[in-house]
Structures are given as C-alpha cells and as structure tokens.
Amino acid sequence: MKKHSARVAPLSACNSPVLTLTKVEGEDRPRESVVGPADGQPAGGAAGDEADAGKRRLRCCLRVTAVQVRKALWGVAMVMCVCSSWAGSTQLAKLTFKEFDAPFTLTWFAATWNCLFFPLYYVGHVCKSPERQTPRQRIRECCRFFGDDGLTAKVFFTKVAPFGLLWILTNYLYLQALRKINTTDVSALFCCNKAFVFLLSWIVLRDRFMGVRIVAAIFAIAGIVMMTYADGFHSHSVIGITLVVASASMSALYKVLFKLVLGSAKFGEAALFLTIVGGANFVLLSFVPVILYFTRVEYFGSFADIPWAHLCGVAGLLLAFNVLVNFGIAITYPTLISLGIVLSVPVNALVDLYTCEIHFNTVRLIAVFIICLGFLMLLLPEDWDQCIIELHTKLRKRDEPAEGSGEAGTGTGLNWPRRARTSMSTFAH
C-alpha cells in the first residue's frame, strides 16, 4: 500500500512557506530471486535455471532504469516549471507595484487562492485513486490529521491560525522587499531561508549536525553582508535586505514549527491544511485591506483602476509554484525541485540586466554566487560523505584487476597517473 507523506524539511526555498512532500513510498525494487543448481540436478537444468534468473535480473534492471529515466524526465520538466513560476511571480509582482502599490492587498489576494488546493487535490484523487470517495468523506478522513476530534475551534486557533499568520508575514515582507531592491537580490537573499531552516532544525528539532551545512549557513550570512556592502550601506538598500531576510526567517520558522507542532502529513491532509489557511485568510483578514484603503495607506483609486490581470497573474503563478513544490515531489526527485528554485536567480538577473535595473559589480556577483553555492551545499544528502567513500572504493576495486594483470616489471611510475585520474574522477562526482 503506497504511503504519501509530507514533511517540513530543509529541502525547499520558496517565496511562501510551503510543505515539502516526501517521495512516494512502497515502490521498492523487485526482489531478485537467484535460482542456483540443486544437488543431483543435471547440468542442463542448472544452466536453464541460471538463464531464467539472468533474464529476470535483466528485466528487473530495465524496469528500475525505466522508472529512474521517467522520474528524471519529469524532473527536467519540473525544474523548468518551478523556475518559470517562481521567477515569473517575482517579476510580475515587481511590475504590478508600478501600477498598484498595495503590497498587503496583493498578499491577501494571492493567499486567498490557496482555497483551490484541496479541489485540485481531489480532482487528482478522483482520476488516480482506485477507491474514490466523496468530497465529504475525503475531508472527514483528512481532518484526522488535526486529532481525534478533527478540526475544532481550539485546534484552529492554536495549530492553524499561527501558520496562516506566518504565511502572510512571509509573503508580505517579501513583496515589501521587492519595492525597495531589485528582484535578483531579493530572490538570491531569500535562498538563505534554507540555511535558516537547518540552523533552527538543529537547535529546536535536534537534527543531525553536519559540518557542510554549517559552512553553507556561513556562506549565506556572508552573502547577506556582502549584498549589503554592494550598494554602500544606503538606507534604502539596507531596509530592502532586512525585509527579505526577515521574510526568509519567517518561512524557516513556519517550516520548523510545522514539523514540531503538527509533524508529518499525507497529500490530502497537506492540501486541506493549505485550503483552510487560504479560507481563514479570506474570512479573518478581509478587513485589513479595507482599513488600509480608507486610511490611504494602500490607496488605489477606483476598482476599475486595479490591474486585475497582473493580480491574477501573480496569484496564479504563486499557486502553481506552491502546487509544484508540494505535489511535484511525488513524480520526481526533491533535489530537482530545489534546483528549479535556485535557477530562478540567474533568470531574474538576466531580466534585470536587460531592463537596466541593476548594476552587477564584483561584490554583488560574489555575494549572489556564494549564497547560491550555500543553497546547493544544503542539497547534499546526510550520507554524502559515505556515498563518496563507497564510490571511491568501487572505482578502486574496478581498477585493481587491470593493475594486477600488468607485467611484473612495470614500475610504479606507470601506474601512478592512472590512479590519479581515478581519484580526480571520484571527487568530481
């Protein structure tokens, strides 16, 4: 029976606090049954059993390879979709503020679109699941995630509303930062939330200590300082950098607290949770844009002057991005989704370069590079060092027969370059 689980892990950096869904379990490799020759069997029967076992192993390898190739192809498509939706929402939000300077109203409007999460999930459930349930049955089953009593008023105000507030703060601070600095700096600095998640998980959740992730966190902090220095510590730039770092911190806090308070969730439970967050945002925070409008803090004239196409575009791209990050991991590797996020930084840089909104000095380029490098270092698995050691050992064992079959008179000077090449290729992986 397949299990779909969701967890908050330091594997994703996004412009809103989202759940990170783990791989679909239960798709283990088929067992290889090797049939050896039994005592007293004729040699022909043993050879036939070995041939059958070889064919089974071949079919098993081909089946596993086909699954991996399919996931890799889906991953390539996912990288492009995540990168385009993430960079597109950032650029379109920056463009929207030229006509509609109301960051909180835009945040509220985009967060309301989270109400579509569970309907989208239910459509997929009806299409894929052999045991179809009615929406009421599915919601009742998913509500068990909140406890034996389901979603009560106490559970809502203690376990759902705080995460909705963190969601709003993350997006609002991010959009405010876009009003102060360029999209390249904002998208690069927000990637630091991955380092913040690791630090908080290490302190609060007692996660495993990893030296390489500490180095990545140092890179992220150094990148923040260098990004501030790139513009000469002007007040406008410092405020923008502070806002985006605060947004990244809120996103990291959301993920760690979700893991601490709610634990893990299935696909349907995660979709229902995000739908409730969107609905609560629409019902409980609708008065805030109204107050900001009448106090002229976010005044935008008449409703006819609102660029609805831009607002719907930003909200739609953010919804698509969150759906891809939450549910895309079911069909591909989570590392590829994270690559789509970090690749949005050079995409935003190219757009800013052609729109003449950024000056790429040496300090800014180094800052962006080390932040992205720290992000990629955080993608390394926990046992990455063991993987390198095992790969190095396999490569050495593969070369040992070739070295042993050489002539006895061959000196060590002829074998040394071959060993050097093996070592370099090992560390290149």
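Reply: The questions below go from the whole chain to single residues.

Me: Before that, what kind of model is this, and how are residues numbered?

Reply: It is a predicted model, in which local features need pLDDT of at least 70, side-chain atom pairs count only at pLDDT 80 or more, and totals for chains, interfaces and linings use all residues. Residues are numbered from 1 along each chain as its sequence is written, and side-chain values use heavy atoms, with hydrogens and water left out.

Me: How many helices and strands are in the chain?

Reply: The chain has 16 helices and 2 strands. These are DSSP runs numbered from the N terminus, with at least four residues (H or I) for a helix and at least two (E) for a strand.

Me: And what percentage of the residues count as buried?

Reply: Of the 429 residues, 45% count as buried. Buried means under 20% relative accessible area, exposed means over 50%, and partly exposed lies in between, with a 1.4 Å probe and protein chains only. The accessible surface of the chain is about 22,600 Å², and 65% of that belongs to carbon and sulfur atoms. Such areas come from the Shrake-Rupley method with a 1.4 Å probe, and for residues only the protein chains shown count as cover.

Me: What about contacts between residues at least 6 apart in sequence?

Reply: Among those contacts, 82% join residues at least 24 apart. Contact here means heavy atoms within 4.5 Å.

Me: Now salt bridges. How many does the structure hold?

Reply: There are 3 salt bridges in the structure. Each is a side-chain nitrogen of Lys or Arg within 4 Å of a carboxyl oxygen of Asp or Glu. Side chains of opposite charge can pair when their charged atoms come close.

Me: Which parts does the pair of aspartate 101 and arginine 179 tie together?

Reply: The side chains of aspartate 101 and arginine 179 meet at 2.7 Å, N to O. Aspartate 101 sits in the loop between helix H1 (43–96) and helix H2 (103–112), and arginine 179 in helix H5 (residues 153–180), so the pair ties together parts that are 78 residues apart in sequence. Aspartate 101 is partly exposed, at 40% relative accessible area, and arginine 179 is partly exposed as well, at 32%.

Me: Where is the salt bridge of aspartate 185 and arginine 364?

Reply: These two side chains meet at 3.1 Å, N to O. Aspartate 185 is in helix H6 (residues 183–190) and arginine 364 in helix H14 (residues 362–377), so that distant parts of the chain, 179 residues apart, are linked. Aspartate 185 is buried, with a relative accessible area of 2%, and arginine 364 is buried with 3%.

Me: How far apart in helix H4 are arginine 138 and glutamate 141?

Reply: Arginine 138 and glutamate 141 are 3 residues apart in helix H4 (residues 135–142), which means that about one helical turn separates them. The closest N and O atoms of this salt bridge are 3.3 Å apart. Arginine 138 counts as buried because its relative accessibility is 14%, while glutamate 141, at 28%, is partly exposed.

Me: Changing topic: how many disulfides does a search of the whole structure find?

Reply: The search finds 0 disulfides, a disulfide being a pair of cysteine sulfur atoms within 2.5 Å. For cysteine 143, the nearest cysteine sulfur is that of cysteine 142, at 7.3 Å. Cysteine 143 counts as buried because its relative accessibility is 16%.

Me: And serine 344, is that residue buried or exposed?

Reply: Serine 344 counts as buried because its relative accessibility is 0%. The residue belongs to helix H13 (residues 334–354). Leaving out residues up to four places away in sequence, serine 344 touches Cys83, Trp86 and Ala87.

Me: Finally, which residues make the nonpolar surface patch?

Reply: The patch, of about 540 Å², is made by Trp202, Ile203, Val204, Phe209, Leu260 and Val261. Helix H7 (193–204) and helix H9 (235–261) each give two or more residues to the patch, and H7 provides the largest share, 3 residues. Patches are made of residues with over 30% relative accessible area and no salt bridge, where like charges are joined within 9 Å and nonpolar side chains (Val, Leu, Ile, Met, Phe, Trp, Tyr) within 5 Å. Tryptophan 202, found in helix H7, counts as partly exposed because its relative accessibility is 33%.
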